[in-house]
Amino acid sequence: MFKKIAYIFSFLLMIITKPADALNNGLALTPTMGWLHWERFMCNTDCTNDPKNCISEQLYMQMADIMASEGWKELGYDYVCIDDCWLASDRDSQKRLQPDPKRFPSGIKKLADYVHSKGLKLGIYEDVGHKTCAGYPGSLGYYDIDAKTFAEWGIDLLKFDGCNFDNLDQLVKGYIDMSNALNKTGRDIVYACEWPLYTWDGGLQPNYTAVRHYCNSWRNFADIYDSWSSIKSTIDWAADHQEIIVPAAGPGGWNDPDMLVIGNFGLSRNQAVTQMAIWAIMASPLIMSNDLRNIDGYSKSLLQNKYVIAVNQDALGAQGQRISKSNNFDIWKRELSGNSFALVFLNREEIGGPRSIAVILNDLGVDSSCKMSCVVTQILPTYEQWGRKNLTAVLQFTVNPTGSVMLRVEPFSN
């Protein structure tokens with residue numbers, strides 16, 4: 001109990017001494033987009049027996065090549081991110097981090113230079129605690145040294161995990177200290193935190209005012225898996241906690257429900273559509289974890305859907321919310337710039353065939369779009385122009401089991 005009281009007191013002190021605004025580094029004004037190795041490649045360090053899929057400089061160079069040559073970069077996927085297991089087992093003689101010399105023989109600086117030469121940015125991983133989640137050297141006690149090292153290497157994003165800390169006060173202080181250390185370097189480095197995730201795990205509700213002040217994005221819930229059950233759990237957690245987490249989101253800081261696993265093995269096409277639609281409407285970072293060298297055409301076209309990306313990257317930066325849960329349909333709505341809205345209709349049934357749903361536009365809270373009349377466009381699962389509608393119009397359509405239909409509603413203009 002004493003630890004919890006001390007933790008709460010430290011947060012109150014922080015609120016008094018720090019303004020309740022976004023991290024002032026001018027970055028992540030829209031959700032970050034890119035690629036991260038973890039869900040697909042995990043901690044595969046066996047480059048002898050599996051050289052094509054192990055965590056090595058070759059993997060990131062190949063992903064950068066593809067992102068630069070196959071249209072990903074132009075759509076906004078511009079971060080190539082390293083997760084855990086890149087490190088050597090010890091720091092160097094000057095206490096600096098160093099990559100595994102066999103798997104990263106050229107060093108991280110050379111890798112960053114290569115990624116930058118493709119017009120992309122390089123992200124890297126570290127941990128607030130004594131060790132990373134996989135047991136490599138953590139940043140505790142070395143925040144300034146590590147931030148300076150990352151800046152010297154040309155790093156553009158830091159994913160900062162929260163394993164192996166001693167107590168929640170240490171965790172919070174560590175996230176704040178690394179934020180300040182990164183800003184002191186003078187280099188633009190997006191700061192992706194997992195502070196709330198470990199705070200919730202510790203039995204306390206995070207102070208999202210403080211989190212937003214120090215981080216550009218933050219994880220709240222468990223790691224994503226390549227499965228529909230994992231996607232469902234992540235969506236449900238976000239909806240169940242939306243009154244707490246949504247007010248914190250906006251330009252400069254975003255709730256992160258974790259990686260897009262589209263293009264792997266565990267999702268059907270309908271479930272992939274649902275992940276893409278809900279991640280877009282939640283203004284989530286769009287960070288893929290898949291093998292871009294072997295991705296199927298359908299998954300690639302879904303991830304590169306410019307209409308869905310436009311919703312995700314909308315400049316207003318308002319996170320969408322679930323507005324209805326009835327008859328095994330979830331309805332989500334997001335306000336967009338220009339008096340427009342995005343809507344997602346998710347069929348939660350996992351049995352049977354497509355189900356019909358009928359909704360009146362006036363019941364969806366899109367009045368500012370449809371005062372006179374509005375234009376409704378289906379974005380997913382396929383692009384269809386539904387034409388001009390008024391507030392009393394009834395929209396009737398079908399949604400596949402575990403699938404979603406995504407609409408954009410915008411004012412009619414001559």
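Which pattern do the disulfides of the protein follow, with bonded cysteines counted along the chain? The pattern is 1-4, 2-3, 5-6, 7-8, 9-10. This is a predicted model, in which local features need pLDDT of at least 70, side-chain atom pairs count only at pLDDT 80 or more, and totals for chains, interfaces and linings use all residues. Residues are numbered from 1 along each chain as its sequence is written, and side-chain values use heavy atoms, with hydrogens and water left out.

**Disulfides**

- The whole structure holds five disulfides, a disulfide being a pair of cysteine sulfur atoms within 2.5 Å.
- Cys43 and Cys85 are joined with an S to S distance of 1.9 Å; the torsion about their S-S bond is about -110°, so this disulfide is left-handed.
- Cys47 is bonded to Cys54 at 2.0 Å, S to S, and is right-handed in its link because the torsion is about 100°.
- The sulfur atoms of Cys370 and Cys374 lie 2.1 Å apart.

**Burial of cysteines**

- Buried means under 20% relative accessible area, exposed over 50%, and partly exposed in between (1.4 Å probe, protein chains only).
- Cys43 is partly exposed at 32%, whereas Cys85 is buried at 0%.
- Cys81 is buried at 4%, and its sulfur is too far for a bond because the closest cysteine sulfur, in Cys193, is 14 Å away.

**Strand β5**

- Strands are DSSP runs of E with at least two residues, and helices are runs of H or I with at least four, numbered from the N terminus.
- In β5 (residues 190-193), Val190 and Ala192 on one side and Tyr191 and Cys193 on the other are all buried.
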